[in-house]
Every structure is written in structure tokens, then in C-alpha cells.
Amino acid sequence: MFNAEKPNLDDLPSTQQLLRSTAIAAGAAGALLLTVVLPAEYAIDPTGMGRLLGLTEMGEIKQELYEERQLDQQSSLMNDLMGVFVGSAQAQEAEQWSDEITFSLTPGQGIEWKLEMTKGAVAQYRWYTDGARVNYDLHGDGSGNSISYEKGRGQTGGEGDLRADFDGNHGWFFRNRDRKNVVVTLQLRGAYTNLKQTY
């Protein structure tokens, strides 16, 4: 059995030295918190160094993504519940549609379908998913004009009348914001001359 030598008390740091080292470490940690962590993670930049280093912009993007995710999650529960009932009712209906297209979107993927319509023309539509959620933008462009008729986030279906405000292309941009593949069915009838995928 070996006996360790007792350390020399003169070689150990004094209480004052330990307190000073602790204060320096705490100061460095605080400086990093103010100049790096808060700007990069939360877009909070009390010193201005975060913007100078390009970290505040990173934090702003993170906060925007966080807010978008929160909005998607808030709307998902009600939409999921409604999707079960709406999907069952839609499956039982036997309405006639001029066009029906079904397409699949992977997570994050977007697609656009447009109708060629003249000013004042009306098309009836219905779309629904297999239960997963999508964001959509119902809009139009043409003849030097553009318009957004309706937008939705975290939706599983929609229906209504699309009345063209001007001659041009009018339709939907869908994006899958779920974490799984989504199958979307779009049904159409009414006053339009062509259905085409534009994106």
C-alpha cells in the first residue's frame, strides 16, 4: 500500500485566487451569453455584437421557424379531428366532377395547379388529404395582375367557388408541412378551359 504525499499548503490556491478565477469565468460566460448565445438562439442582441457578427439574423430565422411550427401545431389537432369526419363524408358522396387529380407530396415539397379562366368565370372545387396537413395559397395571375384569394395553414381539406377577378391562371399552391408523405385529391368543375401543373 502506497501513501500519497500530503500536498504543500503553499502550493494550493488561496481563497482570494479561487474567488477571482470564479469571477473571471462568470464574466466570460456572461459575455458569451450576451454577445453570442442570445443573438444566435433568440434574436436578442443587447450589445449589438450579435448583428455585427451576423448571429442576430440567425436567431431571427430560428424564431420565425419556431413561431411557424407553433401555428402549425395549434391548428393540427382540430384539423385532425375534423379530417376524420370530413374524409368519411366525402367518401360517401357521389357528386360528378369534371376533373379529379390525386398527387403525393413528401415533407416540405410544394406543387401548384392552375386553371385557365376568363374574368368573372366561376369554378367549383373541393380538395382533401389522406389526413396529413398542408399549407395552401389560392391565388391568380395573368394580364399583368396577381391576387391571393385565400391562404390556409395546417389544413386537411377545403371547398368552395373560385371566381376569377381577371383573365389568367387561377389555382392552388400546396406545400406539405407534415412530417410524413401526404396524398391530396383535388376535384373541379365549372367554367375553366384547362387544368395544368405549373410548379
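Me: Which residues of the largest nonpolar core touch the most other members?
Reply: In this predicted model, the largest nonpolar core holds 25 residues. At least two of its residues come from each of β1 (99-105), β2 (110-117), β3 (122-129), β4 (134-142), β7 (168-176) and β8 (182-190). Those in touch with the most other members are F103, L115, M117, W127, W172, F174 and L188.

Me: Which residues does F103 touch, leaving out those up to four places away in sequence?
Reply: F103 is one of the core residues that touch the most other members, and a contact here requires heavy atoms within 4.5 Å. With residues up to four places away in sequence set aside, the partners of F103 are I111, W113, F174, V182, V183 and V184.

Me: Is K114 buried or exposed?
Reply: K114 lies in strand β2, and its relative accessibility is 3%. Because the cut-off for a buried residue is under 20% relative accessible area, K114 counts as buried.

Me: With which side chain does the side chain of K114 make a polar contact?
Reply: Beyond four places in sequence, K114 touches H139, D141, N169, H170, G171, N194, L195, K196 and T198. Among these is the residue whose side chain makes a polar contact with that of K114, at 2.6 Å, and this partner is D141.

Me: What is the relative accessibility of V37?
Reply: V37 belongs to helix α1 (residues 15-42), and together with L32, L33 and V36 it makes a nonpolar surface patch of about 300 Å². A patch residue must have over 30% relative accessible area, and V37 counts as partly exposed with a relative accessibility of 37%.

Me: What is the phi of A43 near, in degrees?
Reply: A43 is in the loop between α1 and α2 (49-52), where it counts as partly exposed at 26% relative accessibility. Most residues other than glycine have a negative phi. The phi of A43, by contrast, is positive, near 60 degrees.

Me: Where is S143, which has a positive phi although it is a residue other than glycine?
Reply: The phi of S143 is near 55 degrees, and the residue is exposed, with a relative accessible area of 58%. Its place is in the loop between β4 and β5 (145-155).

Me: What distance separates the C-alpha atoms of R177 and R153?
Reply: R177 sits in the loop between β7 and β8 and counts as partly exposed at 37% relative accessibility. Leaving out residues up to four places away in sequence, R177 touches E68, D72, R133, V134 and N135. R153 is 24 residues apart from R177 along the chain, and their C-alpha atoms are separated by 8.5 Å.

Me: Which pattern does the protein chain follow along the sequence?
Reply: The protein chain has three helices and nine strands. Read along the sequence, these elements give the pattern α-α-α-β-β-β-β-β-β-β-β-β.

Me: Among contacts between residues at least 6 apart in sequence, what percentage join residues at least 24 apart?
Reply: Of the 199 residues in the protein chain, 30% are buried, while the chain exposes about 12,800 Å², with carbon and sulfur atoms supplying 54% of that area. Among contacts between residues at least 6 apart in sequence, the share that join residues at least 24 apart is 74%.

Methods: Residues are numbered from 1 along each chain as its sequence is written. This is a predicted model: local features need pLDDT of at least 70, side-chain atom pairs count only at pLDDT 80 or more; totals for chains, interfaces and linings use all residues. Side-chain values use heavy atoms; hydrogens and water are left out. A nonpolar core is a set of buried Ala, Val, Leu, Ile, Met, Phe, Trp, Tyr and Cys residues joined through side-chain atoms within 4.5 Å. Buried means under 20% relative accessible area, exposed over 50%, partly exposed in between (1.4 Å probe, protein chains only). Helices (H or I, at least four residues) and strands (E, at least two) are DSSP runs, numbered from the N terminus. Patches are made of residues with over 30% relative accessible area and no salt bridge: like charges are joined within 9 Å, nonpolar side chains (Val, Leu, Ile, Met, Phe, Trp, Tyr) within 5 Å. Accessible areas come from the Shrake-Rupley method with a 1.4 Å probe; for residues, only the protein chains shown count as cover. A salt bridge is a side-chain nitrogen of Lys or Arg within 4 Å of a carboxyl oxygen of Asp or Glu. A polar contact is a pair of N or O atoms within 3.5 Å; within protein, one must be able to donate a hydrogen and the other to accept it, and residues adjacent in sequence count only if both atoms are side-chain atoms.
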